[in-house]
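Subject: Structure for your review

Dear colleague,

I would be grateful if you would look through it before reading my notes.

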Amino acid sequence: MAAACYQPIRWCRPGAEDSAGAVPHITIVPGRRPSDPELWVRCYYQGTWVLAPHLPGIVSIQQSFVPRRGDVVLASPPKCGTTWLKALAFATVARGAYPPGDTERHPLSRLNPHECVPFMEMLFADGSGSGKMDALPSPRLMATHMPHSVLPPSIKENAGCKIIYVCREPKDMQAANPEKVLFLRYDEMLRDPVGNVKKLAQFVGQPFSPAEEDAGVVMDVVRLCSFDKLKNLEINKAGSGSLFANDSYFRKGGVGDWTPDMARRLDAVVDDKLRGSGLSFA
């Protein structure tokens with residue numbers, strides 16, 4: 001992706017989020033490290049906080065995104081299994097064109113998952129997103145870190161566009177219409193990857209046939225997209241095809257990497273925020 005250069009600005013003041021002059025622009029350069037503080041500047045926009053590098057793309061999406069029947073949007077907060085979900089979804093949806101058992105020639109063996117499933121915010125950031133999206137084959141797979149409240153009606157109120165949302169136990173990351181949104185939990189995906197891949201395929205209208213299951217195609221997808229497999233590919237060790245260096249997307253791929261004190265404090269916050277919602281991470 002070519003660098004898109006913007007005039008730096010650090011913050012968007014609350015209450016002015018609908019003003020064109022309030023939209024912050026920072027330089028987007030592929031291959032930066034997650035430790036770069038500029039990448040985590042947040043702006044208050046339409047009642048929520050969003051990452052400043054994403055805001056130009058968000059505004060453009062709201063103004064110009066044209067949906068296509070069959071679109072699938074992978075939605076997640078950062079650091080919640082986004083990379084793995086992209087790999088699983090791409091391998092599942094594209095299995096007709098790219099059999100997951102043919103690992104040597106599969107795109108995931110030579111491309112980072114973020115190159116196979118683009119972030120909408122990044123595509124639209126330089127104003128050319130509509131043309132790039134139009135060039136994608138159907139069914140289009142795309143991803144976003146946008147909160148649901150910021151998604152345009154063309155996505156969240158469109159019956160022909162489905163959303164797959166993955167969340168994670170809050171300590172590991174520092175509901176809507178069930179026919180439109182598939183809600184996945186990272187810890188459950190780790191415990192039962194086969195079951196969750198089958199659920200994903202069913203949801204996007206491409207269920208595995210009995211013949212595919214007998215042939216082990218579901219397990220082929222799981223093996224192709226395993227954490228160890230993806231982490232050890234050369235492209236994911238040294239490449240930088242997106243905003244961050246590719247190796248930064250692969251940490252440990254597990255759960256429970258937190259201290260007891262952190263757990264107690266976060267549990268109290270989560271219990272308070274989710275009280276009455278029916279959602280629990282206990």
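This is a predicted model: local features need pLDDT of at least 70, side-chain atom pairs count only at pLDDT 80 or more; totals for chains, interfaces and linings use all residues.

Residues are numbered from 1 along each chain as its sequence is written, and side-chain values use heavy atoms, with hydrogens and water left out.

Helices (H or I, at least four residues) and strands (E, at least two) are DSSP runs, numbered from the N terminus. Strand 3 covers residues 72–75; Val-72 and Leu-74 point one way from it, Val-73 and Ala-75 point the other way, and all are buried. Buried means under 20% relative accessible area, exposed means over 50%, and partly exposed lies in between (1.4 Å probe, protein chains only).

Two strands pair if DSSP finds at least two bridges between them. Strand 3 runs parallel to strand 4 (residues 141–144), to which four bridges join it. It also pairs in the parallel sense with strand 5 (residues 162–167), again over four bridges.

Val-72 lies in strand 3 and counts as buried, at 4% relative accessibility. Val-72 stands opposite Leu-141 in strand 4, and its bridge partner in strand 5 is Lys-162. Contact means heavy atoms within 4.5 Å. Leaving aside neighbours within four places in sequence, Val-72 is in contact with Arg-140, Leu-141, Met-142, Lys-162, Ile-164 and Val-204.

The nonpolar cores

A nonpolar core is a set of buried Ala, Val, Leu, Ile, Met, Phe, Trp, Tyr and Cys residues joined through side-chain atoms within 4.5 Å. In soluble globular proteins, nonpolar side chains tend to be buried together. The largest nonpolar core here has 38 residues, of which Leu-74, Leu-85, Leu-108, Leu-141, Ile-164 and Cys-225 touch the most other members. Helix 2 gives the most to this core, with eight residues. Apart from it lies another core, of 24 residues, among them Val-73, Met-146, Val-150 and Cys-161.

Leaving aside neighbours within four places in sequence, Leu-85 is in contact with Leu-74, Ile-164, Val-166, Leu-184, Met-189 and Leu-200.

Helix 2 also holds Thr-82, which is buried, with a relative accessible area of 10%. With the neighbours within four places in sequence set aside, the contacts of Thr-82 are Ser-76, Pro-77, His-114, Phe-119 and His-145.

Helix 10

Six of the eight residues of helix 10 are buried, so this helix is largely enclosed by the rest of the structure. The six are Val-217, Val-218, Asp-220, Val-221, Val-222 and Leu-224. They pack against helix 2, helix 8, helix 9 (210–214) and helix 11 (227–231).

The largest cavity

On a 1 Å grid over the protein atoms alone, a cavity is a set of points where a 1.4 Å probe fits but cannot get out, and lining residues have an atom within 4 Å of a point. About 30 Å³ of space lies in the largest cavity; a volume is the space filled by probe spheres set on the points. Its lining consists of Ser-64, Phe-65, Val-66, Phe-124, Ser-130, Met-133, Asp-134 and Arg-140. Helix 5 (residues 129–134) supplies the largest share of this lining, three residues.

Yours sincerely,
A colleague

How values were computed
On a 1 Å grid over the protein atoms alone, a cavity is a set of points where a 1.4 Å probe fits but cannot get out, and a pocket is an open set with protein on both sides within 12 Å along at least five of seven lines; lining residues have an atom within 4 Å of a point.
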